[in-house]
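Subject: Handing over the structure

Hi,

Here is the structure I promised to pass on to you. Have a look at it first, and then read on for what turned up.

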Amino acid sequence: MTGEADTVRVLYIGGLGRSGTTLLNRMLGELPDVCAIGEAVNLWRQGVVNNEKCGCGTRFHSCSFWQEVGALAFGGWHRVDLEGVLALRSANSRFRFVREASLAPESVTMSLTPAARRGIEANNVLYSRLYSAISQVSGCSVVVDASKHASLLSYLRQHEPLDIRLIHVVRDSRGVAHSWAKIRQRPESDDQGSVMDRFSAVRSAMLWNMYNASFFALRQLGVAYHRLRYEDLVRTPERHLREIVSAAEIGVADEAFSFLGDGYVRLTNTHCVAGNPMRFEHGRMTLRMDDEWISMLSRRDRLTVTGLTLPLLIQFGYLPRPSHGVRR
């Protein structure tokens, strides 16, 4: 079983789904000495329990990469207390975190019972061993985790063997709402009728507020924080990838960005678990701004989402700040 002596650097991607987090995860994974793993928070159910497909196309328990990781980290996946992992995830709801962190960030951990603290510490050790094993098996010193759960990050940040840097990915709330309304298949499942969750405009707007407010609040807890807009990533990917690696103190040469072309990106096979179906894509992929919402989102939904998310839309630069000039 792997130990925890060496510090593992983790780039933790936060934000609401359909915001470009999988795209960023895949791009970062193309850099040397960087291993992108998809969503570790969903590895336990979708990978270990349900044996769904890895990004390489094989089932989780048939993937040599993940089997080697499990053996090194835990002596085999069968030795992981899956009930405990899944129960802790359920008990420490991301929405409870948002409510408490918005009011008083330190209350997230101060209000915990001794038993809860022990559970969180065990969870932190579990993830630390997972990240360390991934680093050793891949040969990469940096692990990218697109788990997108603020509650998980709020606990992991306190674990000394981990050097966690947050990349907060945001996208225009109207675009996110339009995307969540679409029907999308889940290619990792054998069930041909299995589709990804869908949300109404109101539900999408509320989730957008909660997720983004929670990651914004994590700055108050001292988490190394870098914010990136999806729209900016698609327009000028190399510029923003360079900003990320600089902020995360990752040394890369100029040729490391050769996988980026004029309006496209070349992606290799990965071992990403969970996330957007694009984690299965490889080869040349066109980088296209998904702005279909501008013409397709109904006027009612546009007004609803804009009204519900207005403060953060302004904060993130999607709408101009209101003028408070004196009337003459």
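Let me start with strand S3, residues 142-145, which is covered on both of its faces. Val 142 and Val 144 are buried on one side, and Val 143 and Asp 145 are buried on the other. Please keep in mind throughout that this is a predicted model.

Which strands pair with S3? One is strand S1 (residues 8-14), which runs parallel to S3 and is joined to it by 4 bridges. Within that pairing, Tyr 12 has Asp 145 as its bridge partner in S3. Another is strand S2 (residues 34-36), also paired with S3 in the parallel sense, over 3 bridges. Here Val 34 stands opposite Val 142. As background, strands of a sheet pair through backbone hydrogen bonds, either parallel or antiparallel.

There is also an antiparallel example. An open sheet of 3 strands has the order S6-S7-S8, and its pairing is antiparallel. Strand S6 (260-261) and S8 are the edge strands, each with a single partner, so one side of each has no neighbour in the sheet. S6 is joined to strand S7 (residues 264-267) by 2 bridges, and Leu 260 stands opposite Val 265 in S7.

Ser 135 sits in helix H7. Is Ser 135 buried or exposed? Its relative accessibility is 16%, so Ser 135 counts as buried, the cut-off for buried being under 20%. Leaving aside residues up to four places away in sequence, Ser 135 touches Cys 140, Ser 141 and Val 143. Of these, Val 143 is one of the buried residues of S3.

Cys 140 leads on to the cysteines. How many disulfides are there? The count is 0. A disulfide would need two cysteine sulfur atoms within 2.5 Å. For Cys 140, the closest cysteine sulfur is that of Cys 35, 5.3 Å away, so the two are too far apart for a bond. Cys 140 is buried, with a relative accessible area of 12%. For Cys 63, the closest cysteine sulfur belongs to Cys 56, and the distance of 3.9 Å is again too far for a bond. Cys 63 also counts as buried, at 2% relative accessibility.

Now for the empty spaces. Rolling a probe the size of a water molecule over the atoms shows where empty space is left.

H4 gives the most, with 4 residues. By type, the lining of the largest cavity divides into 8 nonpolar residues, 4 polar and 1 charged.

The largest pocket holds about 1,200 Å³ of space. Its lining has 43 residues, of which Gly 17, Arg 18, Met 196, Gly 275 and Asn 276 lie nearest the centre. Several elements each supply at least two residues of this lining, among them helix H2 (43-49), helix H5 (94-103), helix H10 (201-217) and strand S8 (283-286). Which element gives the most to the lining of the largest pocket? That is H1, with 3 residues. The lining of the largest pocket divides into 16 nonpolar, 13 polar and 14 charged residues.

The second largest pocket has about 250 Å³ of space. It is lined by 14 residues, and Asp 81, Val 85, Ala 122, Asn 123 and Leu 126 lie nearest its centre. H4 and H7 each supply at least two residues of the lining here, and H7 gives the most, with 6. The division in the lining of this pocket is 8 nonpolar, 3 polar and 3 charged.

Enjoy exploring!

Best wishes

How values were computed: Residues numbered from 1 in each chain as written. Predicted model: local features only at pLDDT ≥ 70, side-chain atom pairs only at ≥ 80, totals over all residues. Heavy atoms only, no water. Nonpolar A, V, L, I, M, F, W, Y, C, P; charged D, E, K, R; others polar. Buried < 20%, exposed > 50% of the residue type's maximum accessible area, 1.4 Å probe, protein only. Contact = heavy atoms within 4.5 Å. Pairing = 2+ DSSP bridges. 1 Å grid on protein atoms, 1.4 Å probe; cavity = no way out; pocket = protein on both sides within 12 Å on 5 of 7 lines; lining within 4 Å. Points joined across faces, edges and corners; volume = space filled by probe spheres on them.
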